[in-house]
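Open the structure in your viewer and keep the selection tool at hand. The stops below say what to select and what is there.

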Amino acid sequence: MLAKVISSAVLGIDAYNVEVEADITPQLPAFATVGLPDGAVRESKERVQSAIKNSEFIFPNKKVTINLAPADIRKEGSAFDLPMAIGILAATGQIMRESFDDLVMLGELSLDGTLKPIPGVLPMAMNIHKNGIRGMIVPRENASEAAMAEGLEVYPVGSLREAVAFLEDERLVAPYKIDMKAVFNTARHYTIDFAEVKGQESTKRALEIAAAGGHNIILVGPPGSGKTMLARRLPTILPDVTLDEALETTKIHSVAGILPANTPLIATRPFRSPHHTISDAGLIGGGRIPRPGEVSLSHNGVLFLDELPEFRKDVLEMLRQPLEDGFVTISRAMTSLTYPCKLMLAAAMNPCPCGYYGDITHECSCTPVQMQKYHSRISGPLLDRIDIHIEVPAVKYKELADTTPAERSELIRERVNAARQRQQERFAGHKHIHCNAHMESKDIRDFCPLDEKSHDLLRTAIGRLGLSARAYDRIIKVSRTIADIDGIANIQAAHIGEAIQYRNLDRNLWMN
């Protein structure tokens with residue numbers, strides 16, 4: 001006999017329906033799975049067989065053939081365990097239900113028949129709802145995540161026996177309901193705050209400008225100056241997350257299998273800080289079956305690279321295209337997948353190998369050759385994509401002992417939101433520009449006119465301070481953001497002057 005059950009699988013961060021066909025033929029006992037299954041899918045036969053027997057059902061002593069259609073896409077993971085088991089029970093007459101077309105089934109089976117959670121449920125649920133299917137059966141632990149697809153009936157079950165009882169109308173399972181807006185509003189809380197940072201007012205100002213304009217930023221300072229502490233709080237002042245952004249971020253983390261338990265929605269800006277020993281596949285994404293890397297896990301948030309010169313140079317160079325395009329495409333022999341990666345890059349480094357160049361309390365022991373070699377680990381093209389370079393000095397005792405409350409992230413974020421709103425109004429009709437950092441040279445000419453005084457100041461800075469040619473556009477873009485924060489329509493010389501201070505790594509003093 002033949003039975004068909006609908007399941008689902010993930011391809012990139014999107015999902016597609018998979019038809020699980022179970023055929024039972026009177027031949028020598030065997031279990032074959034076809035349709036380009038990977039190792040985890042092929043091993044399903046052992047889990048399914050044991051789960052059926054331990055759930056007090058009868059596993060057929062015949063040839064069992066499972067086909068996963070479409071057969072030209074490689075299937076991976078353990079989510080097909082439940083639909084396989086249901087298909088076998090239906091094909092052998094142990095389930096009398098005639099059709100399963102209105103339900104999608106997902107879940108990994110334990111040997112005793114209980115259901116375990118699986119990754120990627122949110123994109124599957126959104127695809128199912130889009131295709132007009134009534135509902136889905138999922139493990140209990142995945143119910144809240146699946147329910148984020150509004151309008152879809154989600155039936156949580158804990159075991160194979162419970163799923164069969166529901167399908168046979170022997171047990172009532174109420175659809176899982178969740179208030180998406182309530183979850184979204186509750187989850188938008190950060191556990192850290194800029195009010196916890198003592199001193200470093202100039203660095204806080206630079207981070208506010210970076211957040212307001214979407215500018216990449218690098219923090220340069222001695223050990224213990226608070227670079228990492230400041231960077232970790234950068235997401236708390238980024239513009240408020242929209243529901244669409246939260247869903248897209250959650251989809252990526254769900255596909256990667258790192259969505260925290262009991263967290264159906266990620267409603268805060270992600271912050272990823274990989275170790276400097278990370279591989280290119282870990283940073284960009286990859287593997288035999290491509291998985292999202294750190295750049296995609298940072299989508300709509302911040303990717304922080306601490307000790308930037310310690311990263312392998314070939315790994316850093318791979319950042320150039322994702323930072324420019326906002327997505328990364330991973331091609332393999334079997335497939336080609338695209339993951340989004342619209343992110344802010346924040347980096348930190350010491351000014352020299354010993355870390356104390358320019359520190360008045362410690363003497364630098366580095367030679368000019370050592371400093372030049374240290375800085376050469378960061379290529380010009382990568383540095384070209386970082387708009388703001390800020391020096392982070394050591395914190396003085398007076399600032400550490402000060403008990404005056406610092407400004408909270410919430411207040412800074414209000415100014416950032418206001419600046420972003422001005423940018424959205426300015427760039428209305430230009431779909432490729434979402435914030436000032438996305439402007440290209442032609443856009444700078446259109447949206448950032450300078451008066452004569454500003455031109456004179458910029459000309460003098462490039463000549464006297466030895467600023468590089470690539471600094472020209474960066475200074476104007478940062479100036480545009482500073483003007484937006486101040487609520488001023490046209491860039492003024494004061495905005496240019498402040499933006500010039502954020503190009504430390506372009507000055508000759510770092511190479512002398």
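Select strand β2 together with strand β4 (residues 63-69): 7 bridges join the two, and they run antiparallel. This is a predicted model.

Show Ser-8 and look across to β2, where its bridge partner is Asn-17. Then go to the turn of this hairpin: 2 residues lie between β1 and β2, and Gly-12 has a positive phi near 75 degrees.

**Helix α10**

Next, select His-253, which is found in helix α10 (residues 243-256). Is His-253 buried or exposed? Its relative accessibility is 7%, so His-253 counts as buried, the cut-off for buried being under 20%. To see what is in contact with His-253, leave aside the neighbours within four places in sequence and display Ile-258, Leu-259, Ile-266, Pro-270 and Leu-297.

**Helix α15**

Move on to helix α15 (residues 368-375) and colour Met-371, Tyr-374 and His-375, which are buried. Why do these three lie on the same side of α15? They cover an arc of only 90 degrees around the axis, and this puts them on the same side of the helix. As background, an α-helix has 3.6 residues a turn, so residues three or four places apart point the same way.

Then turn to the face of α15 directed away from its buried side, where the exposed residues Val-369 and Lys-373 are carried.

**Helices α20 and α22**

For the last stop, select helix α20 (residues 452-464) and helix α22 (residues 493-500). Their axes come within 8 Å and cross at roughly 20 degrees. Angles under 35 degrees count as roughly parallel, and α20 and α22 are therefore roughly parallel to each other. The crossing of these two helices is right-handed.

Which residues meet between α20 and α22? Show the side chains on both helices:

- From α20, display Lys-453, Ser-454, Leu-457, Leu-458 and Ala-461.
- From α22, display Ala-493, Ile-496, Gly-497 and Ile-500, which the α20 residues meet.

Terms used
Residues are numbered from 1 along each chain as its sequence is written. This is a predicted model: local features need pLDDT of at least 70, side-chain atom pairs count only at pLDDT 80 or more; totals for chains, interfaces and linings use all residues. Side-chain values use heavy atoms; hydrogens and water are left out. Two strands pair if DSSP finds at least two bridges between them. Helices (H or I, at least four residues) and strands (E, at least two) are DSSP runs, numbered from the N terminus. Buried means under 20% relative accessible area, exposed over 50%, partly exposed in between (1.4 Å probe, protein chains only). The arc is that of the directions from the helix axis to the C-beta atoms. Axes are lines fitted to C-alpha atoms, for helices over the stretch in contact, and angles run from 0 to 180 degrees between N-to-C directions. Angles under 35 degrees count as roughly parallel, over 145 as roughly antiparallel, 65 to 115 as roughly perpendicular and the rest as oblique. A crossing is left-handed if the near helix is turned anticlockwise from the far one by less than a right angle, and right-handed if clockwise. Contact means heavy atoms within 4.5 Å.
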